[in-house]
Amino acid sequence: METFLFLLFGLAAAGGAVMVVLNQDVVRMAFWLIVSLASTACLFFLLGADFVGAVQLLIYVGGTVVLLIFGVMLTSSGPYLRIKSSPGEVLQAVVVGGLFLGMLVLTVMQVDWDRHESRLQAEYGGGPANDVGYNQQGEGSTVRNIGAALLGARFDADPQHPDRVKPGYLLPFEIISMHLLVVLIGAAYIARAKRKRPDSQSSSS
Amino acid sequence: MESIGLTGYLGVGAVLFVCGVICMATKRNGIGVLMGVELVLNGANVNFVAFSKFGTLGLDGQIASLFVIVLAAAEAAVALAIALNFYNNHLSIDVDRGTELKG
């Protein structure tokens, strides 16, 4: 069952990404981007990361793609809706991308992940996936642990080494909140309405 | 459940990443370039969460992917503001027309 779900959502995510590349119409690209991102959220649910999957659905599919669609609506006037790339560029990009994908897949296939993980476990103790209370099959309730970790406390300590406290994420949380504030102000400043079109220089600005 | 493992998820992440890179390189529409960036960040997120499940990364991988999602939203907001400004100045969203800074 899990294999079937992985094949379904993995193929949907990869196929959506390929269709984003192949389509030239921006609105259809946005639609296939929604398909790809939602399938990725389902992959996150399949991996037991329920909070990350929910955030992916809320922020990416609900926020970022809607923002992109607003951008399409505000910038696509008549003849500029479709902008074709030349076929030579597309062929070049497909060749380079295929080589890049082959390199990545070969690298992933050649690394012996099981031996690597057993070496890591021998060095650092049992993996968090084996801990009681973390991410067990069928449990997947990571919201409490993530919320505590963002405020600087960790409840998902290693049971074999209870003295080894993992660091929390209070400082990155503060930094990213300041970053979001700066982005909000900066985006409002950059996108403020100023009429400086070249055909309306003589009119009052 | 043992049949998929880490390799399948890393393969999906690699496909998403490469599609995003091709999308960034070939699209002449500015919004299309933004969609390519979103795909690249999404591929990185798949890798983070897969290592959080199958590796010894634990909850740290999920928190890193949360930060990546938030930064991607911020980046999309600023880039969209820049794209709107570009459209106001050039009356087009074609990124090949932005040649004022070309030496």
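## Chain B

Among contacts in chain B between residues at least 6 apart in sequence, 49% join residues at least 24 apart. The model is predicted. Chain B has 103 residues, and 58% of them are buried.

Three helices and zero strands make up the secondary structure of chain B. Read from the N terminus, the order is α-α-α. The radius of gyration of chain B is 17 Å, well over the 13 Å that the globule rule gives for 103 residues, so chain B is more spread out than a compact globule. Along the principal axes, the C-alpha atoms of chain B fill a box of roughly 55 × 25 × 25 Å.

## Chain A

Chain A is also built from helices: seven of them, with zero strands. From the N terminus on, its elements run α-α-α-α-α-α-α.

Chain A has 205 residues, and 24% of them count as buried. Take the contacts in chain A with a separation of 6 or more: residues 24 or more positions apart account for 47% of them.

## Where the chains meet

The contact between the chains takes 75 residues from chain A and 64 residues from chain B. On the chain A side, seven helices each supply at least two residues: α1 (2-22), α2 (26-46), α3 (50-75), α4 (87-110), α5 (113-124), α6 (143-150) and α7. The helix α3(A) gives the most, with 13 residues.

What kinds of residue does chain A bring to this side? By class, there are 50 nonpolar, 19 polar and six charged residues on the side of chain A that touches chain B.

## One helix pair across the contact

The crossing of α7(A) past α3(B) is left-handed.

From α7(A), the residues that meet α3(B) are Pro172(A), Ile176(A), His179(A), Leu180(A), Val183(A), Gly186(A), Ala187(A) and Ile190(A). Facing them in α3(B) are Phe67(B), Val70(B), Ala74(B), Ala77(B), Val78(B), Ala81(B), Ile82(B) and Asn85(B). In this contact of α7(A) with α3(B), 13 residues are nonpolar, three are polar and none is charged.

Key:
Residues are numbered from 1 along each chain as its sequence is written. Chains are lettered from A and ligands numbered from 1 in the order in which they are written. This is a predicted model: local features need pLDDT of at least 70, side-chain atom pairs count only at pLDDT 80 or more; totals for chains, interfaces and linings use all residues. A crossing is left-handed if the near helix is turned anticlockwise from the far one by less than a right angle, and right-handed if clockwise. Helices (H or I, at least four residues) and strands (E, at least two) are DSSP runs, numbered from the N terminus. Two residues are in contact if their C-beta atoms, placed from the backbone, lie within 7 Å. Ala, Val, Leu, Ile, Met, Phe, Trp, Tyr, Cys and Pro count as nonpolar, Asp, Glu, Lys and Arg as charged, and the others, Gly among them, as polar. A residue is buried if 20 or more other C-beta atoms lie within 10 Å of its own, exposed if 12 or fewer, and partly exposed in between; C-beta atoms are placed from the backbone. The radius of gyration is taken over C-alpha atoms; the globule rule is 2.2 Å times the number of residues to the power 0.38.
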